[in-house]
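Have the structure open beside you and try each task before reading its solution.

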Amino acid sequence: MDSPDHRRRRKRLLRQPSWIPGRIRLMGYCSLCFLSILWCATHLGFSSFHPVLRVPRLSLPSSSSSTAVESVEDFDSFVSPLKIENRVLLADSVLLLISGGGWSKNSGDKLECIYDVGIEKDVVSFDEYDGFRWAVRCPIENSSFVGLKWRGKGERLAEKQNRTNDSWSYLVYASVIDGDDVVVLAKGLNLRRDRESDPSYFTCHFEVENRETTGDSKLVASTKASMAAQEVLRCPLPETFISKLDQNHAPISVTIGITPHRGRKPIIMPSVAAIFDHKPMIINKKKYELCMCTMLWNQASSIREWISYHSWLGFQRWFIYDNNSDDGIESIVNELNQENYNITRHFWPWIKTQEAGFSHCALRARSECNWIGFMDVDEYFYFPYSSSTGYKYRPEGYASQNSLLSLVSNFSSTSVAEIRTSCYSFGPSGLTSKPEQGVTTGYTCRLQNPERHKSIIRPDTLDSSLINVVHHFHLKEGFKYFDLPRNAAVINHYKYQVWEVFRAKFYRRVATYVADWQENQNEGSRDRAPGLGTEAVEPADWTRRFCEVWDTGLRDFVVANFVDSSTGLLPWEKLKSS
């Protein structure tokens, strides 16, 4: 409901000032003069005359006794008011998706979180969410309602829906077009890991405003799911809705129906998912040969080293799924882009969705990339010295710039669609504080045997299910994976760093099917720290743990190839020292 101040402001904008009749008469005289000149130009042969219509900027009358619109942004907010579209209760915050208004990234400072118990709080974060919504995160308080208001004012943002909170444990949270299908991501389906499920229990439901008619009419349709796996469903997009996308209509809301018993009406899941753009266009420009995708949280202090190093090896394009970071990582990404690194940061508020997020990223990258790697920011691809036994996959000797780019290109014309590389887990290496020169030169002691692997894949060869277990994907029939020999390449996984870094892992894990550290589950799993238990208490011998083999190979390689001979600094150190 409008506040009295809002109503008064709207009346002032809509009230007809006393000077308008006179202006109308003047405009009439001007119009007659303009038509006379135009007639002369067209009938008397003035071929050089070209009438031009100039539209003046909007100017609003103001006086000391009225409340004037303070800026164009305020006016935009009036003609297209912000509305709270959705509200989702996350584990550590409340996510509000808002639409409308002419907003920018700096606009979040103008909002405050408000609660029904009379509390006001600063927003936790404000980010662009998709093509028509912004995401605001508010702190969790002991309150049944959280909304938004303008800072220093009493005016609240309007509500498009009711005041209930959607639970993150049961929610359709994202959707993306894939050809004539829509791929839908949902939390709470409880489908089994690493395998397809029966899709006949699921339907996709679509709704869009019908702008071809007057009134509040909507077009609705549903289709049967053709695939269901983990947190991902695939459904055909109704033909009537394909035309709506082509006509630039309003966003199409998407949700999932679940029919647990045959013959009964489906149970419709709550949803914040929508599709709003055209089907992906064919890109004529040449694809990047090698890209990288990662999902992270609070890695601002590490990402410069990781991107600088892997760019040297040949990665050309970066997709970063930011999982609610609050350490200023966006500014670091902006700095790197100004240095000609090709990085896209995608705000991804959905916690414990790494597998589905990687599926989403693979679809986005398919039109841009021939190959894409999926790695964490504490994992580094390393080429040890290659003897004659490893010569088949890379040149003999030490790696040179773009070595990884050359390696994957050699597989592009084969049936190999996934290159798997073994991971060695490194420990604290006797350190008690973060190494100043970075992880690659600081941590030099590891476990003797590798743990798991990470993959670089060809996104156009993925199975339609998009199943992955973070470390690898399911491929289309006719394609295969290849295990890269360890004498050709390995991945240094700086998994067990100094305690101040490692304890952040107790906050949460990103993978869907991996238990959080605090949970008393699978304590013997390689996904956990052996012998650590469920509490973030530093063991007395932490600095000496996970140290079976001293391995300085990557440290020596980085010092030999990256140190500036004039300053003695590594590239990621220069910014800190300046």
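**Exercise 1: a helix and a sheet**

Helix α7 (residues 354–365) lies across β10, β11 and β16, and runs at about 20° to β10. Helices (H or I, at least four residues) and strands (E, at least two) are DSSP runs numbered from the N terminus, and axes are lines fitted to C-alpha atoms, for helices over the stretch in contact (heavy atoms within 4.5 Å), with angles running from 0 to 180 degrees between N-to-C directions.

Before going on, note that this is a predicted model, where local features need pLDDT of at least 70, side-chain atom pairs count only at pLDDT 80 or more, and totals for chains, interfaces and linings use all residues. Residues are numbered from 1 along each chain as its sequence is written, and side-chain values use heavy atoms, leaving out hydrogens and water.

*Task.* Work out the strand order of the open sheet of five strands.

*Solution.* Step one: the order is β10-β11-β16-β15-β12, with antiparallel pairing; two strands pair if DSSP finds at least two bridges between them. Step two: β10 (171–178) and β12 (196–197) each have a single partner strand, so they stand at the edges and one side of each lacks a neighbour in the sheet. Step three: look inside the sheet, where β11 (residues 181–187) and β16 (residues 232–236) pair over five bridges in the antiparallel sense. There you will find V183 opposite R234 in β16.

**Exercise 2: disulfides**

*Solution.* Step one: the structure holds five disulfides (pairs of cysteine sulfur atoms within 2.5 Å). C293 lies in strand β20 and C361 in helix α7, 68 residues apart.

**Exercise 3: one face of a helix**

*Task.* Which residues of helix α11 (residues 553–562) are buried?

*Solution.* Step one: G553, L554, F557, V558 and F562 are buried, where buried means under 20% relative accessible area, exposed over 50%, and partly exposed in between (1.4 Å probe, protein chains only). Step two: seen down the axis of α11, these residues fall within an arc of 125°, so they line one face of the helix. The arc is that of the directions from the helix axis to the C-beta atoms.
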